[in-house]
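Please look over the model below before reading on. My notes follow it.

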Amino acid sequence: SSASLKPIRQYYFNYLLFGPIWVARQVIRMFGIRFDSESQINTPALNRVLGAIFALDTLTAGILRMPFGVSILVIAERR
C-alpha cells in the first residue's frame, strides 16, 4: 500500500547558489568537461566561501520561502 503523507512544511533552499550553480553547470556542459562528481572541482578556500553562503541560505530559506532553489525540504506526517 502507498503511504499517505500530508505535507506540513516545504521550502526551497540553496537559493543563493542557484545562479552560480546553474552557470557552472552550463559551462561544464558547454565544454564537455567530465567529472565523477561535482565535488572534484572544490578547493579548501572555495569550500569555506560556499560553506558561509550555505549557512546564510539555510538560516533564511525557511523565513524568505523563495520560489526556487537547488534543493527542497519537505516535512510531512502520515495521515
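This is a predicted model: local features need pLDDT of at least 70, side-chain atom pairs count only at pLDDT 80 or more; totals for chains, interfaces and linings use all residues.

1. Residues are numbered from 1 along each chain as its sequence is written, and side-chain values use heavy atoms, with hydrogens and water left out.

2. Most residues other than glycine have a negative phi. Asn 14 has a positive phi, near 65°. Asn 14 sits in the loop between strand E1 (5–13) and helix H1 (18–31). Helices (H or I, at least four residues) and strands (E, at least two) are DSSP runs, numbered from the N terminus. Asn 14 is buried, at 12% relative accessible area. Buried means under 20%, exposed over 50%, and partly exposed in between (1.4 Å probe, protein chains only).

3. Arg 65 also has a positive phi, near 50°. Its loop joins helix H2 (44–64) and strand E2 (71–78). Arg 65 is partly exposed, with 42% relative accessibility.

4. How much space lies in the largest pocket? About 480 Å³. A pocket is an open set of points on a 1 Å grid over the protein atoms alone, where a 1.4 Å probe fits, with protein on both sides within 12 Å along at least five of seven lines; lining residues have an atom within 4 Å of a point. The volume is the space filled by probe spheres set on the points, which are joined across faces, edges and corners.

5. The largest pocket has 17 lining residues; Ile 21, Glu 38, Ile 41, Leu 46 and Leu 50 are the closest to its centre. H1 gives the largest share of the lining, 5 residues.
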